[in-house]
Amino acid sequence: MTRTARYRLPFTGHGATAPLTWGQVAIWDVIRWLPDHQLPSLNLMSAVRVPDGCTVTDVLDALRHLVERHDSLHSLYLEQAGVELQRVLDRGELEVDLYPLADGDALAQGQALGAVLRRELFDPATDLPLRAAVLTAGDQPRAIVLTACHMAVDGWSFQIVLQDLRRLLDEPTGATLMPPAQQPVARAAYEQTPAARRREERALTFWEQNIRTLPSAMLSEVVTNEPVPLRWAQIESRAMALAIASLSAQARVSSSVTFLAAITMLLALHTSEQSAAVRVIVATRFKTENERLVGAFNQNALFRMDLADESIGDFLRRAASSAASAYRSSEYNPRSLESMVQRVATERGIEAGGYCYVNDVRYELYGEADAEAPADVAAEIRDAMPGSVLVDLEDTRIQKGSKFFIYLRGGPQRSIVQLSAHPHFLAPNSPADFLSDLEWMLTTAACDNPSIGELRKQWSQRHPGRPGCDSD
């Protein structure tokens, strides 16, 4: 697709320089670790439909307001004299490229264009961390494509940016927009306070207590004679979505908790342990002032479950309590955390560095309640099972420190779960086998309501010859 025009859109800001926040440090270290050819995989992208009646001028005004509203969108991220900094620009220009719209859906073409533009590298030290393109039919704008550097936004806050853009297109003055949330420079200042340090100390204590007692399989690297690429698989399942909704409603927990509980239980079974833990990617927006903070704000929470013979409902309610404890302990300097993990692992004689991650990226549910389960959920689940699609994926993405990384995507009507895993970690099973087990476990629990002990025995029957974890 050939660009037809380029606008240089001026913006202004208040200008400021501050250290990186804890969340920015986390993604900064990933960017420095990844090889250059993998860096575009961190970029975020989406397309927004332009309402009828908007002009190119309206679109440019909305984009200017958007950039000026969120400091992270007009900041640079750099190292100076050995100090890593965020620098909010007091003025600059956003380049906005125009492309011609072909016949067909504007939003679909915007997503396709965004997939191409996403592959362009950002230099956080010199490039504005947001790029914009507009698809036009004649002189009428039809879709806006945004690509963003991960130093400026995480997945959650990118949804806030898109929400704001839609509102600005509908209301050019932005009259009903809420005031901007806490800006990253203010967050960095908070992280230097005694209150933040106490919060960090409590979080590190929680992690250390768990790291000292977790099975080594949850912490150790997979040692091989030569590098082995991660293997990827994906399952797309309406049955799984229905099961998650039903189990969550019955136990009165969130769908995320149900998903986490199932994952950790399966990990315990696959590793023949009585407990398991995952690092959950958390948008740490727990206070009113930072609920809508736009910036790299994600951190890891440590979600752990010890297995016991109990009802499914009791297991999920206990999981909700574990999740709450994990989220309360997810704000800290990530370098302090990794230093502690390495120290404790060394004391235990473990070569740490291989972790299990979970990332719930169901942004389609942003601002919406979890789905309700149908009245006869067992029948609907059984009817939906033949429609599930399980495939191996060709994917070269890698995650820092990961030997198991699972994404939950999709929406209330269909779960899309992607898993990358070191083949030796799940051996003799594959990522596809694990996802098949995940669907089986959730749907069996929702349809038959077995106890945890019964579910574990059934899993062992699915995997004859494996030790499993026989119930007490």
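User: What makes the contact between R8 and E95 a salt bridge?

Analyst: In this predicted model, the side chains of R8 and E95 come to 2.5 Å, N to O. The cut-off is within 4 Å for a side-chain nitrogen of Lys or Arg and a carboxyl oxygen of Asp or Glu, so the pair counts as a salt bridge. R8 sits in strand 1 (residues 5-12) and E95 in strand 6 (residues 91-100), 87 residues apart, and the pair links distant parts of the chain.

User: Why is E95 called partly exposed?

Analyst: Its relative accessible area is 32%. Buried needs under 20% and exposed needs over 50%, so a value in between gets the label partly exposed.

User: Which residues are linked with R8 and E95 in a network of salt bridges?

Analyst: R3, R6 and D97 join R8 and E95 in that network. As for the whole structure, it holds 33 salt bridges.

User: How do you know that D52 and R142 form a salt bridge?

Analyst: Their closest N and O atoms are 3.5 Å apart, and the limit is within 4 Å, so the pair passes.

User: What does the pair of D52 and R142 tie together?

Analyst: D52 is in the loop between strand 3 (44-49) and helix 2 (56-69), while R142 is in strand 8 (residues 140-148), so parts 90 residues apart in sequence are tied together.

User: Is D52 buried or exposed?

Analyst: D52 is exposed: its relative accessible area is 71%, and the label asks for over 50%. R142, with 26%, is partly exposed.

User: What makes E84 and R335 a salt bridge?

Analyst: Here the closest N and O atoms are 3.0 Å apart, so the pair meets the 4 Å cut-off. E84 belongs to strand 5 (residues 83-88) and R335 to helix 10 (residues 334-347), so this bridge ties together parts 251 residues apart in sequence.

User: How do you know that the span of helix 9 is close to the expected one?

Analyst: Helix 9 (residues 312-328) has 17 residues and reaches 24 Å from its first C-alpha to its last, against 24 Å expected at 1.5 Å a residue.

User: Which residues of helix 9 are buried, and what do they pack against?

Analyst: The buried ones include I312, F315, L316, A319 and A323. The buried residues of helix 9 pack against several elements, among them helix 6 (194-211), strand 11 (298-306) and helix 13 (431-448).

How values were computed. Residues are numbered from 1 along each chain as its sequence is written. This is a predicted model: local features need pLDDT of at least 70, side-chain atom pairs count only at pLDDT 80 or more; totals for chains, interfaces and linings use all residues. Side-chain values use heavy atoms; hydrogens and water are left out. Helices (H or I, at least four residues) and strands (E, at least two) are DSSP runs, numbered from the N terminus. Buried means under 20% relative accessible area, exposed over 50%, partly exposed in between (1.4 Å probe, protein chains only). The expected span of a helix is 1.5 Å times one less than its number of residues. Contact means heavy atoms within 4.5 Å.
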